[in-house]
Amino acid sequence: MAPALSALLCLGLSVGLRTQVQAGLYDKPSLSALPNPVVTSGGSVTLQCGSRQGFNIFLLTKEGEDKSSWNLAGQRSPDGWTQALFPIGPVTPGHGWRFRCYGFYRHTPRVWSAPSDPLELLVPGLSGKPSLLTPQGPVVTSGQNLTLQCRSDVSYARFVLSKEGQDLPQRPAQRPQEGHSQADFPLGPVGTVHGGRYRCYGGHGLSSEWSAPSEPLELLVAGEETAGRLRDRPSLSVRPGPSVAPGENVTLLCQSGERTDTFLLSKEGAAHRPLRLRSQDQAGRYQAEFSLSPVTSAHGGTYRCYGSLSTNPYLLSQPSEPLALVVSGLTWYLSVLIGVSVTFVLLLLVLLFLFLRHRGQDRHRKLGAVDPGPEDRDPQSSSSPATGAQDQAIYAAVSDTHSEVGLQLDHRSATSEAPQDVTYAQLNHSIVRRGMAAPPAPPSGEPPAEPSEYAALAVR
């Protein structure tokens, strides 16, 4: 624009601002921020005011304590759209950044259009970022009513919802409980225009400084019937089967016969983003394999898969038929824990058995090492080394001629045949098993001995 024309426009605007103008005779233009209304402190932004009314001049006004205004000639595009781009900056949080714009014709400078909707630049600060949630989950069906909720544990006075390339109205904060604040943003029936990435901010009073942004929320719209969209419903299958044990390797296969750039796997009721994988062309069919290995009980649930094109990643195909994945049985780490516990118990039992066995052997060894007392044997016998070293059979001769039974212990030894080697003992008939045996034949010339009863004893 020539300097002379710029001066004339400024002069005409200043005159128009001091004199009465007629506003609202034409439709309001639109005002937007490029690339978006969220500007970091010290940054710059471009405000675009445009209309299809064919205005020659656009006027941008800044509201608040430090009111300002700028005007620019409109630039016409071949499709009849006229617009003006206003560079703004540097933006700081110490000032208000609320704008409106008007359009008018050069030959009628006192007749303006209706004001555009207000646009407020957001200057994020360092205060606590809020959370942006949707009760329906990140994937919504076309035509479904949707409400986004921004909430925080900081007592903000207002919240604003921002979508990339679009500014949405602000909402005053509600306080469901002390120290908390929230605001609901109903979006109405969902359509293709609602797909995109959203953030929200919290603000205190009329300050131009806002909180740090929330984590981004990607809103995906499924099933919208639009020209050029995917019309084929993908199929979803699972290997090795829909019922698996914890720790197994599971693969969910999403397939479509229609060209698809990306497949998305969504779990019913999950708040996190769906899993995304680039499709692979397999013999004319597009597919993606989602691995869930190793599975745990948390993987159980109902899954659906969708397809999308790279030209519009926020618009999805119709969902596949639901697939229910059942994860049953003990988890692998619990199985390992039980196995280790059983092994430990068995080891303790083995050690206890060995200890008791060793103790028993020691006891038998001590009992076998004790010598008989002197009252149990003849002094001469105890002094005989040959008698103490042998383990011999002992025969008892029993006589019934007296009330007391005499027990004759015959130490048959090759080293001692003396009569003093005979020992007598008291014997109870009810204990000793009787055996009738003939005495050995006497040497020739001697009278035969009386019959005797013999019992076999073992001396240890």
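Modeller: Residues are numbered from 1 along each chain as its sequence is written. In this predicted model, local features need pLDDT of at least 70 and side-chain atom pairs count only at pLDDT 80 or more, while totals for chains, interfaces and linings use all residues, and side-chain values use heavy atoms, without hydrogens and water.

Biologist: How many disulfides does a search of the whole structure find?

Modeller: A disulfide is a covalent bond between the sulfur atoms of two cysteines. Here a pair counts if the sulfur atoms are within 2.5 Å. Cys49 and Cys101 meet this at 2.1 Å, and Cys150 and Cys200 at 2.0 Å. With Cys254 and Cys305, also 2.0 Å apart, the search gives 3 disulfides.

Biologist: Which strands hold Cys254 and Cys305?

Modeller: Strands are DSSP runs of E, at least two residues, and helices are runs of H or I, at least four, both numbered from the N terminus. The link of Cys254 and Cys305 is right-handed, with 75 degrees about the S-S bond. The pair ties together parts 51 residues apart in sequence, because Cys254 lies in strand β23 and Cys305 in strand β28.

Biologist: Is Cys49 buried or exposed?

Modeller: Buried means under 20% relative accessible area, exposed over 50%, and partly exposed in between (1.4 Å probe, protein chains only). Cys49 has 0% relative accessibility, so Cys49 counts as buried.

Biologist: Where is Phe344, a member of the nonpolar patch on the surface?

Modeller: Phe344 is exposed, with a relative accessible area of 51%. Its place is in residues 332-368, helix α2.
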